[in-house]
Amino acid sequence: MQKFSIGSLSIPDSSAPLIIAGPCLIENRAMAVKTAEELQRISREEGVGFIFKGSYRKANRTSGSSFSGIGDVEALEILDEIRTTYRMPVVTDVHETRDVALASRYVDVLQIPAFLCRQTELLVAAGESGLAVNIKKGQFMAPEDMALAAAKVTGTGNQRVMLTERGSSFGYHNLVVDFRGLAKMAESGYPVIYDATHSLQLPGAGNGVSGGERQYMMPLARAAVAAGVNGLFFEVHPDPLHALSDAATQVALDEFGTIVKQLLHLYRCVQSLHSL
């Protein structure tokens, strides 16, 4: 397994999973800071490291009229404030090669959205940034083929790559998670993350927005930990029902500490089995 660090975080870590968490989209400073403060509290209490997640702009909304951001630089400056104030690495999405140079000035990790995981020029540009790169598996991609996406990044000399499972298309407006895929992606030698919230989406099923089945988050997250993932990804919001994107699947911030505690305990049980 490829090993590397992001700030003070070691990836992978046998004592705790990497957790990527934060709002789908930076809606305003107050919401982002409130989320970061709670993540910092959970981190200290549970002894687990976080990467703060927040998109500075959404380029793939279901409807052209959907909210897509507060402005690139304003949102990126909020992310930069969070990593500086809370000493927490931050990750954001990039959608075009021209996004890479701008976003790289403010964050620690660049994320390649699932729909763009085959975009060679984008992957190469992300690799050339020198930052760690998290590649989400396309809903249309075979898990073993993600090694080819990763190779586009590592071909630049950048070995800090993670692969994230977020479900596969299953007919219209539905996703399923094939847990064999987690093991297949791990065979590539890259750390594997499970996206516990996007996997619950019902794409385009909400009359112009994506629906979702948040009630299945914990069963699938527990299954992913039992399957041996190196980390977990959650979109977290102080008021999910009124979130401006992914309202159907974001996790309530005040419930997140309990979720982390349960999954951390399970992760350590799984790791202990490896030593038997």
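How many helices and strands make up the secondary structure of the chain? There are 8 helices and 15 strands, with helices (H or I, at least four residues) and strands (E, at least two) taken as DSSP runs and numbered from the N terminus. This is a predicted model, in which local features need pLDDT of at least 70 and side-chain atom pairs count only at pLDDT 80 or more, while totals for chains, interfaces and linings use all residues. Residues are numbered from 1 along each chain as its sequence is written, and side-chain values use heavy atoms, with hydrogens and water left out.

**View 1. The whole chain, before we zoom in.**
The C-alpha trace spans about 55 × 45 × 40 Å along its principal axes. Of the 276 residues, 53% count as buried (buried means under 20% relative accessible area, exposed over 50%, partly exposed in between, with a 1.4 Å probe and protein chains only). Among contacts with a separation of 6 or more, 68% join residues 24 or more positions apart, where contact means heavy atoms within 4.5 Å.

**View 2. Surface and charge.**
The accessible surface of the chain is about 11,700 Å², and carbon and sulfur atoms hold 50% of that area (Shrake-Rupley method with a 1.4 Å probe; for residues, only the protein chains shown count as cover). Turning to charge, the chain carries 25 positive and 29 negative side chains, and the centres of the two sets are 2 Å apart. Lys and Arg count as positive and Asp and Glu as negative, with His and the chain ends not counted; each charge is placed at NZ of Lys, CZ of Arg, CG of Asp or CD of Glu.

**View 3**
The structure holds 3 aromatic pairs. Rings of Phe, Tyr and Trp (its six-membered ring) pair if their centres lie within 6.5 Å; planes under 30 degrees apart count as stacked, over 60 as edge-to-face and the rest as tilted. F50 and F256 have ring centres 6.1 Å apart and planes at 45°, so this pair is tilted. F50 sits in strand 4 (residues 50-53) and F256 in helix 8 (residues 253-274), so the pair ties together parts that are 206 residues apart in sequence. F50 is buried at 3% relative accessible area, and F256 is buried at 0%. Together with F234, these two residues form one aromatic cluster.

**View 3. The tilted pair F179 and Y194.**
Here the ring centres of F179 and Y194 are 6.3 Å apart, with 40° between the planes, and the pair is tilted. F179 belongs to the loop between strand 10 and helix 6 (180-186), and Y194 to strand 11 (residues 192-195), so the pair ties together parts that are 15 residues apart in sequence. F179 is partly exposed at 25% relative accessibility, whereas Y194 is buried at 0%.

**View 4. P203 and its neighbour H173.**
P203 is in the loop between strand 12 (201-202) and strand 13 (211-212), and at 29% relative accessibility it counts as partly exposed. Leaving aside residues up to four places away in sequence, P203 touches H173, N174, L175 and S210. H173 belongs to the loop between strand 9 (168-169) and strand 10 (175-176). Although H173 is not a glycine, its phi is positive, at about 55°. At 45% relative accessibility, H173 is partly exposed.

A cis peptide bond joins I11 and P12, with omega about -10°. P12 lies in the loop between strand 2 (9-11) and strand 3 (18-22). D246, in the loop between strand 14 (231-237) and strand 15 (251-252), is a residue other than glycine with a positive phi, near 55°. D246 is buried, with a relative accessible area of 15%.

**View 5. Helix 4 and its packing.**
In helix 4 (residues 120-128), the buried residues include L122, L123, A125, A126 and G127. The buried residues of this helix pack against helix 3 (97-104), strand 6 (109-112), strand 7 (132-136) and helix 5 (146-154). Just after helix 4, G130 takes a positive phi of about 85°.
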